[in-house]
Amino acid sequence: MTAAGAESQIPFRPGLEGGPATQSSICDIDGQRGVLTYRGYRVDELAARSTFLETAYLLIWAQLPNAKQLQEFEQEVQMHRRVSFRIRDMMKCFPSGGHPMDALQSSAASLGLFYSMRALDNPEYIVSAVVRLIAKIPTMVAAFQLIRKGQDPIQPRDDLAYAANFLYMLTEREPDPLAARIFDACLILHAEHSLNASTFSARVTASTLTDPYAVVASAVGTLAGPLHGGANEDVLTMLAEIGSEDRVDSWLDQAIAEKQKIMGFGHREYKVKDPRAGILQKLAEELFDRFGHDPMYDLARCLEAAADKRLGPKGIYPNVDFYSGLVYRKLGIPPDLFTPIFAIARTAGWLAHWKEQLGANRIYRPSQIYTGEAGRDWQPIGAR
C-alpha cells in the first residue's frame, strides 16, 4: 500500500474532535460529574481560597507557591505592569472602532520586538517572559479602552493588587474590595480549560520554538473567533432579545424548533452544569447584594429553569459564559471587553502549556487526507 493509501485509512475527525493531541498534567475535566481541576486542585476551592496570581503560579510551575515564592512573584508582576511608551504610541494609531481583541493581538505580538531573546533554554528568560506577559496584558487591555475614548492610558498603581489594579486602570477609579475580589475569582475560573482551540493554537505555535509573545498572540487571535470567544457577550444580547420572563417559554420553544444555538448552554466536555457557571452565579448574587439587583439576572434564571426541562435530558446545561457576562456587566465592563478579559485570565493557562510543550517538544505536523484531483496536465494559457 502506498503512503497516500495508508493515510486514507486513518479515520477522519473534523476539528480533530476527541483525538488526543498531547499529554498534559495541567488541567483535568470530568464532564460527567462536573469537576474541573488545575494541577489536581478543584477550581471551586481555588476560586474560594486562592488568588489569580497564586493560581497562575500553580498552573505554570505545577505547585502552589510558599509565602516567599508568592510574594516574590507578586512583586515581579507588579514591577513589570507598565508598557513602553512606544507600545502606547502604537496603540494610539489603532482605529478607535477596531475590536479590542485585534488591538490586544497586535500589542501582545509587539512585545516580542522588545524582549525577543528566544533563549528558550535559559530558565531566567522563561521566568521573565511569564512575568512580563501576565503583568502587561491587562495594562494593554485597559490602555486601549481609554485610548479609543480619546484619553491617555492610566499608569498602574503599585499599591493595588492584580485584579484591583486592572479595574482601576479600566474605570479610572479604585474599585470596591468586594468587586476586586470577585473579579479576581473570575480570572481564576477562566485561567485554564485543557486543550481548547486557543490553547491548541498556543501549543502548535510553541512547538516551532518561537518566542512566547508570538505564542500568546497566536492564542489571542484564535480566541477572537466567534466560535471560541464572545459567547458571554452574546448571552446578554440573547437575554435582551427575550426581553421579559413571560416570553421565555415561547422564545425557547421557537429557538429549539428552529435549531438555533442557545448562547451560554452546552459544552463539548460537560454533560452536567459547568462547575464554573455555578460559581459565577453565586458571585453575581454577591455583587447584586452589595451594588443593587440586575433584572436581567432574573430573566437568566428563568431561562435556565425552562431550558433544564427541555434540554437537560440531552445533557445541555449552562456553561461558563451564561453568568459571566452578568458579572462583568455589573462591574461596569463594556461587553466587547469580555473576551479580552478572558485572554487576561487564559494567559496563565497558555503559558503553562507553552512551558509544558518546551519540556518534551516535537513540532506539530499532522497528516491530511487529500481530496483533490490527480493527474492533471498543464495547458498553455491560450488553450484554457
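This is a predicted model: local features need pLDDT of at least 70, side-chain atom pairs count only at pLDDT 80 or more; totals for chains, interfaces and linings use all residues.
Colleague: How many disulfides does the structure hold?

Modeller: The general idea is that a disulfide is a covalent bond joining the sulfur atoms of two cysteines. Here the count is 0.

Colleague: Next, the sheet. In what order do the 3 strands lie, and in what sense do they pair?

Modeller: In general, strands of a sheet pair through backbone hydrogen bonds, in a parallel or an antiparallel sense. In this model the order is S1-S2-S3, the sheet is open and the pairing is antiparallel. S1 (27-30) and S3 (41-42) are the edge strands; each has a single partner strand, so one side of each has no neighbour in the sheet.

Colleague: Over how many bridges do S2 and S3 pair?

Modeller: S2 covers residues 35-38 and pairs with S3 over 2 bridges. For a residue-level view, look at Thr37: it faces Arg42 in S3.

Colleague: On to charges. How many salt bridges does the structure hold?

Modeller: The cut-off is 4 Å between a side-chain nitrogen of Lys or Arg and a carboxyl oxygen of Asp or Glu. By that test there are 18 salt bridges. One of them joins Glu174 and Arg157, at 3.1 Å from N to O. Glu174 sits in the loop between helices H8 (162-171) and H9 (177-189), and Arg157 in the loop between H7 (123-147) and H8, so the pair ties together parts 17 residues apart in sequence. Arg157 is partly exposed, at 22% relative accessibility. A network of salt bridges links Arg157, Asp159 and Glu174.

Colleague: Which residue forms a salt bridge with Arg181?

Modeller: Glu286 does, with the closest N and O atoms 2.4 Å apart. This pair connects distant parts of the chain: Arg181 belongs to H9 and Glu286 to H14 (residues 275-291), 105 residues apart. Both ends are partly exposed: Arg181 at 41%, Glu286 at 30%.

Colleague: And which residue does Asp249 bridge to?

Modeller: Arg310, with the closest N and O atoms 3.4 Å apart. Asp249 is partly exposed at 40%; Arg310 is partly exposed at 26%.

Colleague: Now the core. Which residues touch the most other members of the largest nonpolar core?

Modeller: The general idea first: nonpolar side chains in soluble globular proteins tend to be buried together. The largest core here has 121 residues, and those touching the most other members are Phe52, Ile134, Phe183, Met238, Leu303 and Ile333. H7 supplies the largest share, 16 residues. Take Ile333: beyond its neighbours within four places in sequence, it contacts Leu167, Leu170, Phe183, Tyr328, Phe338 and Ile341.

Colleague: Last, the rings. What is the arrangement of Tyr57 and Phe73?

Modeller: Two values describe a pair of aromatic rings: the distance of the centres and the angle of the planes. The model has 15 aromatic pairs. For Tyr57 and Phe73 the centres are 5.6 Å apart and the planes stand at 70°, so the pair is edge-to-face. The two lie in distant parts of the chain: Tyr57 in H3 (residues 52-61), Phe73 in H4 (residues 67-79), 16 residues apart. Both are buried.

Technical notes
Residues are numbered from 1 along each chain as its sequence is written. Side-chain values use heavy atoms; hydrogens and water are left out. Two strands pair if DSSP finds at least two bridges between them. Helices (H or I, at least four residues) and strands (E, at least two) are DSSP runs, numbered from the N terminus. A disulfide is a pair of cysteine sulfur atoms within 2.5 Å. Buried means under 20% relative accessible area, exposed over 50%, partly exposed in between (1.4 Å probe, protein chains only). A nonpolar core is a set of buried Ala, Val, Leu, Ile, Met, Phe, Trp, Tyr and Cys residues joined through side-chain atoms within 4.5 Å. Contact means heavy atoms within 4.5 Å. Rings of Phe, Tyr and Trp (its six-membered ring) pair if their centres lie within 6.5 Å; planes under 30 degrees apart count as stacked, over 60 as edge-to-face and the rest as tilted.
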